[in-house]
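Here is a friendly walk through one model, from its sheet to a pair of helices. Please have the sequence and the structure open as you read.

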Amino acid sequence: MATAVAAVAVVATTLSVSGGPSADLVPTGAPGTALVEDPQVLVISLDGFNPTALRRLGRSGAPNLWRLFDEGAGTLDARTQVERTITLPNHTSMVTGRRIDRKKGGHGVTWNDDRLTPRTVQKAAGHAVSSLFSRVHASHGSTALYAAKTKFSLWDRSWPTAIDKVVIHAEDDAQVVADARIDLVDDDRALTFVHLGSADKAGHASGWLSPAYLTAVERLDALVGSVLTDADTAPELADLTVIVTADHGGVPGAKAHDAVRRPANFTIPFVVWGSGIDHADLYAINPGYRKPGRKQQPPLTGKQPIRNGNVANLALDLLGYPRVPGSIFGKVTPLEVE
Ligand SMILES: [Zn+2]
């Protein structure tokens, strides 16, 4: 687990380490060496990912996504937010650790388009709202956002100094991943958030779990595989942990996903993979959480299912940084992954 020594700030290609002895400086890329105490977290959100796609495709059709579950700690039975099963509200819960409903302490982002009013998450909430990016930045870690939908510019407006690099390639997952891979290796980000939209796009066009949707998932699998290959081979990524989840699923055959009571809309994957993380069912190693069956379980009382809103504080736990102020998911009952 990370310590204060992990406060690593990178400017261009110059490494500067604060709080640790200079002996901790290990040249990047030197054969057989890894940066000491240099945890990195990569969050990959697969927009509109119904986990049934993995069962349909099997290990031969989606070998890389299955690898995450076979080697990491995961579940195919995590949950979205209770108020909405659409993209921007759920993603904003991932990075704030808050629910959606602003009257109940949520972030207040209820819309799912490029509108500029409210201009920020803070304006939507009516008060200050911190984020995963803000917390990493406050601990001198570097952050990046790579997204395939332009509406994510909301985050750049909301936390303008906390996200060091924002790259949006609208509806181009391949380019998003290509750029993110270069950045991951070259810039030593503590936190990289990648949003990929092609499963959602195929679902809206052809129906969830349709042949076109499954083809999109196969392509996503290959993109995730390219990142895993980097993690396997690049010494810079020796301490990388990958979290993969989704904002929502989708009902087979349907071309929308906004009905909050449909299990196929609110059931999503959640998996954590990387060095030091053993294969496990996340519910089996987290007695403080309850596998929800077919339920969504509103309101947010009692033992909770694992939700996409757990991303923020889990990522911070992995990096050794303090949790997000005002968050609820994983704040009192941290999600354990090892
Ligand atoms: Zn959608």
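Which residue in strand 9 does valine 244 stand opposite? The residue opposite valine 244 is valine 271 in strand 9. Before going on, please note that this is a predicted model, in which local features need pLDDT of at least 70 and side-chain atom pairs count only at pLDDT 80 or more, while totals for chains, interfaces and linings use all residues. Residues are numbered from 1 along each chain as its sequence is written. Helices (H or I, at least four residues) and strands (E, at least two) are DSSP runs, numbered from the N terminus.

An open sheet of 8 strands runs in the order 6-5-7-3-8-9-4-10, with mixed pairing; two strands pair if DSSP finds at least two bridges between them. Strand 6 (165-168) and strand 10 (280-281) stand at the edges with a single partner strand each, so one side of each has no neighbour in the sheet.

| Strands | Bridges | Sense |
|---|---|---|
| Strand 3 (residues 40-46) and strand 8 | 6 bridges | parallel |
| Strand 8 and strand 9 (residues 267-274) | 5 bridges | antiparallel |
| Strand 5 (residues 143-147) and strand 6 | 4 bridges | parallel |

Across from threonine 241 in strand 8 stands valine 41, and tyrosine 146 stands opposite valine 167 in strand 6.

Strand 8 (residues 240-245) is mostly covered, with 6 of its 6 residues buried. Here, buried means 20 or more other C-beta atoms within 10 Å of a residue's own, exposed means 12 or fewer, and partly exposed lies in between, with C-beta atoms placed from the backbone. In a regular strand the side chains alternate between the two faces of the sheet. On strand 8, Leu240, Val242 and Val244 are buried on one side, and Thr241, Ile243 and Thr245 are buried on the other.

**A pair of helices**

Helix 1 (residues 52-61) and helix 2 (residues 63-71) have axes that come within 7 Å and cross at roughly 100 degrees. Axes are lines fitted to C-alpha atoms, for helices over the stretch in contact, and angles run from 0 to 180 degrees between N-to-C directions. The two helices are therefore roughly perpendicular, a label given to angles of 65 to 115 degrees.

**An exposed loop residue**

Arginine 119 lies in the loop between helix 3 (87-96) and helix 4 (121-125). Arginine 119 counts as exposed because it has 12 C-beta neighbours inside 10 Å.

Conventions. Parallel < 35°, antiparallel > 145°, perpendicular 65-115°, else oblique.
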